[in-house]
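User: I have a chain open here and would like to go through it with you. Could we start with the overall picture and then turn to individual parts?

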Amino acid sequence: MIVLRAGTVSDLRGGKLPHDDLIGTLEGRPVGTTRGETFLMVRATLAEFVLAMPRGAQIIYPKDLSAILLAADIYPGATVLEAGTGSGALTMTLLRAVGPEGRVFSYEVREDFSRLAAQNIGRYLGSSDQLVTRAHDIYESIPDGGLDRIILDVPEPWRVVHHAVTALRQGGVLASYVPTVPQAVRMVESLRQSGAFAMVETFETLVRPWNIEGASVRPAHRMVAHTAFITTARRVEQRTAGGEQGTASAGLKGPDHRDQQDADEP
Ligand code: SAH
């Protein structure tokens with residue numbers, strides 16, 4: 001991945017490539033180096049960029065970033081809180097999805113990670129008025145309110161559930177991203193016990209690339225086998241702690257009730 005700068009010349013496998021030959025031209029075309037080699041020039045997609053950018057903290061992989069966008073129902077104009085910022089992969093994904101009318105709050109406790117994330121975000125998206133970053137420990141509190149969505153990529157997301165009850169608007173979605181089963185179980189139990197969340201669901205994504213070349217049509221030999229478990233829940237009207245949540249309203253059953261529904265069928 002090369003960042004184009006006027007007057008700069010890159011070395012590509014022993015050949016020179018002047019950036020001035022590329023700036024202002026259309027992507028998707030072959031460009032030649034002084035050594036006679038040809039390269040296809042395209043802008044990095046967001047997925048390509050997050051995999052190539054410098055990392056402090058481990059990023060959320062593209063297969064999960066895309067799933068989070070729909071599972072947490074991120075929409076243009078939404079106000080979203082995420083923690084921690086890490087390397088900024090999720091931050092960038094959220095910024096693009098909420099668009100110019102939206103807002104992303106991002107909390108991070110490590111200053112070095114915040115700095116790196118700011119560089120990554122600036123390099124790909126430029127400056128963004130929609131992003132508010134805070135050096136803040138989300139286990140302590142959530143100083144922002146009226147949030148439509150909260151996405152947690154911290155080791156102990158259950159410590160945030162209590163704060164999320166106040167900060168997340170009713171009907172809002174909370175999502176967490178944790179790599180191990182005990183973390184996922186603890187998160188699900190905390191959400192259920194809070195009395196303010198319902199429709200708690202957990203899933204993982206498995207993306208298996210395929211090789212399709214002539215007669216060689218088969219799955220790729222390698223894949224990213226495990227990243228993390230994604231849990232989502234809806235912030236609902238507070239009920240007595242520990243009590244069972246019934247249907248959200250008459251005739252509107254949540255996915256929590258699907259097993260029961262299936263079992264009820266003759
Ligand atoms: N989602 C990020 C990666 C986050 S890694 C990405 O896609 O790039 C987890 C991050 O959470 C780390 O940077 C860590 O420093 C931060 N973190 C851990 N505990 C935290 C807390 N209590 N409050 C805020 N940030 C926290």
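Predicted model: local features only at pLDDT ≥ 70, side-chain atom pairs only at ≥ 80, totals over all residues.

User: How many helices and strands does the chain have?

Analyst: The chain has seven helices and 13 strands. Helices (H or I, at least four residues) and strands (E, at least two) are DSSP runs, numbered from the N terminus.

User: What box do the C-alpha atoms fill?

Analyst: Along the principal axes, the C-alpha atoms fill a box of roughly 70 × 50 × 30 Å. The chain is divided into domain 1 (9-43) and domain 2 (47-260), with bounds that come from an automatic or database domain assignment. The centres of the two domains, taken over C-alpha atoms, are separated by 38 Å.

User: What share of the residues is buried?

Analyst: Of the 266 residues in the chain, 32% are buried. A residue is buried if 20 or more other C-beta atoms lie within 10 Å of its own, exposed if 12 or fewer, and partly exposed in between, with C-beta atoms placed from the backbone.

User: Let us move to α6. Which of its residues are buried?

Analyst: In α6, the buried residues are Ala184, Met187, Ser190, Leu191 and Ser194. They line one face of the helix, because seen down the axis of α6 they fall within an arc of 130 degrees. The arc is that of the directions from the helix axis to the C-beta atoms. On the other side of α6, Val181 and Pro182 are exposed.

User: Why would a helix have residues that point the same way?

Analyst: An α-helix has 3.6 residues a turn, so residues three or four places apart point the same way.

User: What do the buried residues of α6 pack against?

Analyst: They pack against α5 (161-167), β9 (168-178), β10 (197-203) and β13 (229-235). As for its span, α6 (residues 181-194) has 14 residues and reaches 20 Å from its first C-alpha to its last, close to the 20 Å expected at 1.5 Å a residue. The expected span is 1.5 Å times one less than the number of residues. Gly195 follows α6 and has a positive phi, near 80 degrees.

User: How does α2 look by comparison?

Analyst: In α2 (residues 62-71), Pro62, Asp64, Leu65 and Ile68 are buried. Seen down the axis of α2, these residues fall within an arc of 160 degrees, so they line one face of the helix. They pack against α1 (46-52), α3, β8 (147-152), β9 and β13.

User: Now the ligand. Which residues come nearest?

Analyst: Of the 21 residues around the ligand, Ala57, Gly84, Gly86, Ser87 and Ala89 come nearest; a residue is near a molecule if its C-beta atom, placed from the backbone, lies within 6 Å of it. At least two residues of the shell come from each of α3 (89-98) and β6 (103-108).

User: Last one: is Val98 buried or exposed?

Analyst: Val98 counts as buried because it has 22 C-beta neighbours inside 10 Å. Val98 is in helix α3. Leaving aside neighbours within four places in sequence, its contacts include Ile74, Pro76, Val80 and Gln130.

Methods: Residues numbered from 1 in each chain as written. Contact = placed C-beta atoms within 7 Å.
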